[in-house]
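Trainee: I am new to this structure and would be grateful for a close look at one part of the subject, namely how its side chains pack and pair. Please take me through it step by step.

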Amino acid sequence: MTTSHQPQDRYKAVWLIFFMLGLGTLLPWNFFMICAIASGSELSESAFGYFITACAVIILTIICYLGLPRLEFSRYYQQLKLEGPGEQETKLDLISKGEEPRAGKEESGVSVSNSQPTNESHSIKAILKNISVLAFSVCFIFTITIGMFPAVTVEVKSSIAGSSTWERYFIPVSCFLTFNIFDWLGRSLTAVFMWPGKDSRWLPSLVLARLVFVPLLLLCNIKPRHYLTVVFEHDAWFIFFMAAFAFSNGYLASLCMCFGPKKVKPAEAETAGAIMAFFLCLGLALGAVFSFLFRAIV
């Protein structure tokens, strides 16, 4: 099949998905939080607004999901899972004309797929061996991130606010808004720049280097504290550390998630992606556990 036959994503559905994963998920909630503080809304009113907004997003998502099979772009890739190499051209012509493939051919494609030799089945252990460095890297990234943010970072107090309004906006702006903006910038950068490569030793080295953010953030103006002394008291230090912390999280995590499926054969890419997603969730769980430890040692 030539690439000229592949339909184009005219509605930018793929771009919209990644936009929602980046800018369109947590970042608007930061603005809602800041607006709620600025307007002096009651807690019950703010909670109701968040709930209604979440319901609207869910309804919009369901509508988009129901409309997805109507897109030629989506139908094209769905059919690739069902057909054999010899039937791709015929089915693609039917799809481009708005017709459904005949059941007989579809069943034939499935039977051919099911009749393939068992030695073509992909071993999860073999795939995990190929992507083990990237999988453990993404797990380590989110362990450090969730271990510090937001459980520890929300306890940082402003040293310059005094009794001004900045005290009310300090955590929503310097912690949550800063994190989500720079995390999104880091993820967006991978669209135009991807360094280091998937086989480079610099990638796991940079991931391990993020461990330095643990003492840097713990030594900020966290209150109450019992063991560690404050080294970086000024607000500017905390904002700078949060920006670098968030940017490295978005950039390195996106690199690992992009490189994982590229380390294996194309037929194994889906399994590799699922394994990477599992280690991402494992990192989130470990980060939640370590957050108690990080907060206790302050």
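Mentor: The protein chain contains 12 helices and 0 strands, where helices (H or I, at least four residues) and strands (E, at least two) are DSSP runs numbered from the N terminus. The model is predicted, and for that reason local features need pLDDT of at least 70 and side-chain atom pairs count only at pLDDT 80 or more, whereas totals for chains, interfaces and linings use all residues. Residues are numbered from 1 along each chain as its sequence is written, and side-chain values use heavy atoms, with hydrogens and water left out.

Of the 298 residues of the chain, 34% count as buried; buried means under 20% relative accessible area, exposed over 50%, and partly exposed in between (1.4 Å probe, protein chains only). A contact means heavy atoms within 4.5 Å. Among contacts between residues at least 6 apart in sequence, 76% join residues at least 24 apart.

Phe-238 touches Thr-153, Val-156, Phe-170, Ser-174, Cys-175, Leu-217 and Cys-220, leaving aside residues up to four places away in sequence.

Thr-178 is found in helix α8 (residues 166-189) and, with a relative accessible area of 10%, is buried.

Side chains of opposite charge can pair when their charged atoms come close. In the whole structure, 2 salt bridges are found, a salt bridge being a side-chain nitrogen of Lys or Arg within 4 Å of a carboxyl oxygen of Asp or Glu. In one of them, Arg-187 meets Asp-183 at 2.8 Å, N to O. These two residues are separated by about one helical turn, because they lie 4 residues apart in helix α8. Arg-187 is partly exposed at 28% relative accessibility, whereas Asp-183 is buried at 9%. Asp-199 and Lys-263 also form a salt bridge, with their closest N and O atoms 2.6 Å apart. Asp-199 lies in the loop between α8 and α9 (202-209) and Lys-263 in the loop between α11 and α12, so this pair ties together parts that are 64 residues apart in sequence. Asp-199 is exposed, with a relative accessible area of 57%, while Lys-263 is partly exposed at 27%.

The aromatic rings come next. A search of the whole structure finds 15 aromatic pairs; rings of Phe, Tyr and Trp (its six-membered ring) pair if their centres lie within 6.5 Å, with planes under 30 degrees apart counted as stacked, over 60 as edge-to-face and the rest as tilted. Phe-136 and Phe-279 have ring centres 5.1 Å apart and planes at 70 degrees, so they are edge-to-face. This pair links distant parts of the chain, since Phe-136 belongs to helix α7 (residues 124-148) and Phe-279 to helix α12 (residues 269-296), 143 residues apart. Phe-136 is exposed at 52% relative accessibility, but Phe-279 is buried at 8%. Phe-232 and Phe-241 are edge-to-face too, because their ring centres are 5.0 Å apart and their planes stand at 85 degrees. Phe-232 is buried at 16% relative accessibility, as is Phe-241 at 5%.
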